Amino acid sequence: AAAGKTGTTSDYKDAWFVGFTPSRLTLVWVGFDRAQASGLTGATGALPIWTQFMNSLGLPTDDFQIPEEAKGGVFTKGLTSKTLVWDGKDVEIWTRN
């Protein structure tokens with residue numbers, strides 16, 4: 001199993017993908033040292049590199065393990081909830097005690 005997030009700047013100068021498996025976290029950034037558009041998105045530029053690299057590691061295809069405390073609901077053990085205002089909107093964040 002794997003999960004991740006792509007990102008692309010609006011001017012196509014930076015493209016990235018950060019992904020993780022139960023045992024590894026890897027980030028790939030694609031761009032130029034100088035401010036120059038690559039024309040790539042996170043999905044078309046960084047994700048294929050991430051996929052090839054992760055496959056080359058020969059990692060097991062384990063699924064993510066869900067803690068018993070989280071099954072059937074939200075995992076909040078040992079966490080504290082705070083509500084902050086960001087960009088004019090309430091955002092709930094969780095921090096470890």
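These are my notebook entries on one predicted chain.

**Conventions.** I treated the structure as a predicted model, in which local features need pLDDT of at least 70, side-chain atom pairs count only at pLDDT 80 or more, and totals for chains, interfaces and linings use all residues. Residues are numbered from 1 along each chain as its sequence is written, and side-chain values use heavy atoms, with hydrogens and water left out.

**Fold.** I looked up the secondary structure first. Helices (H or I, at least four residues) and strands (E, at least two) are DSSP runs, numbered from the N terminus.

**Surface and burial.** I noted an accessible surface of about 7400 Å² for the chain, with 55% of this area belonging to carbon and sulfur atoms. Areas come from the Shrake-Rupley method with a 1.4 Å probe; for residues, only the protein chains shown count as cover. Of the 97 residues, 14% count as buried. Buried means under 20% relative accessible area, exposed over 50%, and partly exposed in between (1.4 Å probe, protein chains only).

**Core.** I then listed the largest nonpolar core, which has seven residues: Ala15, Phe17, Val28, Val30, Ala46, Trp50 and Met54. Strand S2 (14-20), strand S3 and helix H1 (42-56) each supply at least two residues of this core, and H1 gives the largest share, three residues. Such a core is a set of buried Ala, Val, Leu, Ile, Met, Phe, Trp, Tyr and Cys residues joined through side-chain atoms within 4.5 Å. For Ala46, I set aside neighbours within four places in sequence and found contacts with Ala15, Trp16, Phe17, Val28, Val30 and Thr41. Contact means heavy atoms within 4.5 Å.

**Threonine 26.** This residue is found in strand S3 (residues 25-31). I recorded threonine 26 as buried because its relative accessible area is 15%. Apart from neighbours within four places in sequence, threonine 26 is in contact with Phe17, Val18, Gly19, Trp50, Phe53 and Met54. I also looked up the C-alpha separation of threonine 26 and tryptophan 50, which is 7.4 Å for residues 24 apart along the chain.

**Hairpin.** My last entry concerns strands S4 (residues 79-86) and S5 (residues 89-96), which pair in the antiparallel sense over eight bridges. Strands pair if DSSP finds at least two bridges between them. S4 and S5 form a hairpin with two residues between them, and aspartate 87 in the turn has a positive phi of about 55 degrees. Tryptophan 86 stands opposite lysine 89 in S5.
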